[in-house]
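The points are grouped by topic.

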Amino acid sequence: MSQPSVANPLPEPDWDSTRSAQLYGIDAWGAGYFSVSPGGEVQINVDCDGKQVSVSLAKIVADMHARGLHMPTVLRIRNILHHRISVLNESFAKAIADNGYRNVYRGVYPIKVNQQCHVVEDISNHGRRYHHGLEVGSKAELVIALSQQLHSHGLVICNGYKDAEYIDLGLYAHRMGIACFFVLETLNELELVIERSRALGIEPLLGVRLKISLEVDGHWSKDSGDRSIFGLSTAAVMRAVDTLRQAGLLHCLRLLHCHMGSQIPNIRNVRSGVLEACRYYAGLVEEGAPMGYLDLGGGLAVDYEGANTNSTHSMNYRMDEYCVNIVESIQETLDPLEISHPVIVTESGRATVAYSSLLLFNILNVSAGLPEVQLDPLPEDAHDTLRNLETVLASIEPAKMQENYNDALFYRDEVRELFHHGQASLRERATAENLFLAVLDTIMRQLPNMHRVPPELRDLSEQLCDTYYGNFSLFQSLPDIWAIRQLFPIMPIHRLNERPTRPAILADLTCDCDGRIDRFTTPDGEHHSLLLHPLKPDEDYHVGVFLVGAYQETLGDLHNLFGDTNVVNVAINDDGTYDFACEFHGDQIADVLSYVEYEPRQVQEKFRLVAEQAVRDGKISVAERQIILQAYRDSLQGYTYLEAH
Ligand code: PLP
């Protein structure tokens, strides 16, 4: 396959990059980080010390190829990650200053959202200036968190179920001066924390996780409300307070935790949830707990659709509005009770990392939704039904389009039925299907001239779209599209001053009918196809799936043994150059085999025996055996995706 073209073809007179930007809605979902250049390429825009710098994505892809990093590749842009942490912290700082709030914000990044070492390290390093901390949900994540050199004011929030080992590690961290909080998920955990704290002689920093009654909108509504599986009921919170009082440890209860769900699209839910949490906070202060920290969990959304609405994959608020709403709601509840303002903690994951990663892949092949058909004249003795189909084809007209379509469908199905009963030949069936396709083709051509298109025919264009086969695995790189019908912005990264003419769906490399993308966000709502460009011979066509930094890298699986993709971390400089700060080559076949309990050396040895047997049976020569064994060894070292030669 050839290198991608980064040359800028002359714009078509009736189409330019502005039209592409509108079509794909990039200015709405790109949040300023992504746009289309006049040359027709997606560009990344970042702020380098107050200077706006733009870099062509197609150029980065060409540079990756030159370094042997082929598609598919996850591209992480360090500047965007840093910017996300900065805006989150600065938005809270501004809301705090503007409202005269008498305490500070301490963000913590939930490691589970993207646990990759370089992501967590980047967040910890850049976040240090803001005293940004980490949230962990398991022992393994605590081990990661404790290895990061956080600022001494940075918090480590320990969620998730805990055993003695987890608790001991957190207590030791506290002893070393790290503000490591245990958030109690169950009452049993409290008994264990008290026991371990006494055994080690270290008092814990404690929080309680609350199950609030408010149910939020969006996909994660079940994380909130009375039926949520996480957190303590009000009665359990009271029992925790009583137990702590009896143990003489009520002074350790410092934090109230409440996570209402991820991707909360509606700001009114945030406000109501904070008000409810504050009532509990006030209640705990009244019970005599010192408190001081209010942790509102995650939930700050990402506008994947760029629609600015309260639909599941969008959000009807901006980040600064989110911060102001939280600050004001706390003041509104606690000020009349004369309770000191707590440190505000949030565990924003999605909003921190989503924008900074994108998946890039090339298109391998296209299967036309409406293949070109060649119609031969019908033989003299052709079946009546075939003649009827031919008549329908000859008589298509806009006023009777629906009727023509119904008739063609009826006759095609009749021939299929006849074939079923042995009364039509294979050739006759093929002729009927070709005639039917020709009818569809004629209808599709006339649709744009129709004043009112019947709904059934309107849907046809989406049903007849092309399939573009992409060099990626949905299950490995975009699992949420399959698991929770998540929408991500998707578009070609180049040729954007050429009109895209092919409505298409995307299929991945797995042999699974779920390995497809057939829901796309567009400025006029969700569509079942995406307009793409016809492939050009000898030129790669590259597509980007944007905003995939949250959850996708961690939740992917090995369906069909497609492994981790290549990853490149790019840092953009203020002169418009960029550094490949890190590059990781994706899994080799030997790697993925070992993940599923094969020992690559043993597999190789077993194949040698198969080859040896073939020599003994006279099927291959010894020289051929050598070539075949070498090909097998090379495969074991190869990328699990399709490679360019
Ligand atoms: N905190 C907790 C306890 C969570 O369960 C989650 C994810 O669901 C988060 C934080 C991160 O949420 P988000 O990615 O919406 O910021």
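Glu287 is partly exposed, since its relative accessibility is 28%, and Arg245 also counts as partly exposed, at 39%. The side chains of Glu287 and Arg245 form a salt bridge, with 2.8 Å from N to O. The model is a predicted one.

**Salt bridges**

- How many salt bridges does a search of the whole structure find? The search gives 28.
- Another salt bridge joins the side chains of Asp168 and Arg196, at 2.8 Å from N to O.
- This pair links distant parts of the chain, with Asp168 in helix α7 (residues 164-175) and Arg196 in helix α8 (residues 187-200), 28 residues apart.
- Are the two partners buried or exposed? Asp168 counts as buried because its relative accessibility of 15% is under 20%, and Arg196 is buried as well, at 18%.
- Arg271 and Glu328 also form a salt bridge, in which the closest N and O atoms are 3.4 Å apart.
- Here too distant parts of the chain are linked: Arg271 is in helix α10 and Glu328 is in helix α11 (residues 319-334), 57 residues apart.
- Arg271 is partly exposed at 22% relative accessibility, and Glu328 is partly exposed with a relative accessible area of 29%.
- A network of salt bridges links Lys139, Asp163 and Glu165.

- Where is Gln263 placed? Gln263 is in the loop between β10 (253-257) and α10 (267-286).
- The relative accessible area of Gln263 is 1%, so this residue counts as buried.
- Although Gln263 and Ala301 are 38 residues apart along the chain, 4.2 Å separates their C-alpha atoms.
- Which backbone oxygen lies 2.9 Å from a polar atom of the Gln263 side chain? That backbone oxygen belongs to Val302.
- The Gln263 side chain also reaches the backbone oxygen of Ser314, at 3.2 Å.

**Helix α3**

- Of the 10 residues in helix α3 (residues 57-66), 8 are buried, and the helix is mostly covered.
- The buried residues of α3 include Leu57, Ala58, Ile60 and Val61.
- Also among the buried residues of this helix are Ala62, Asp63, Met64 and His65.
- At the start of α3, a side-chain oxygen of Ser56 comes to within 3.2 Å of the backbone nitrogen of Ala58.
- Just after the helix, Gly68 adopts a positive phi of about 80°.

**Domains**

- The chain divides into domain 1 (92-350) and domain 2 (384-460).
- What separates the centres of domain 1 and domain 2? Taken over C-alpha atoms, the separation of the two centres is 61 Å.

Methods
Residues are numbered from 1 along each chain as its sequence is written. This is a predicted model: local features need pLDDT of at least 70, side-chain atom pairs count only at pLDDT 80 or more; totals for chains, interfaces and linings use all residues. Side-chain values use heavy atoms; hydrogens and water are left out. Helices (H or I, at least four residues) and strands (E, at least two) are DSSP runs, numbered from the N terminus. Buried means under 20% relative accessible area, exposed over 50%, partly exposed in between (1.4 Å probe, protein chains only). A polar contact is a pair of N or O atoms within 3.5 Å; within protein, one must be able to donate a hydrogen and the other to accept it, and residues adjacent in sequence count only if both atoms are side-chain atoms. A salt bridge is a side-chain nitrogen of Lys or Arg within 4 Å of a carboxyl oxygen of Asp or Glu. Domain bounds come from an automatic or database domain assignment.
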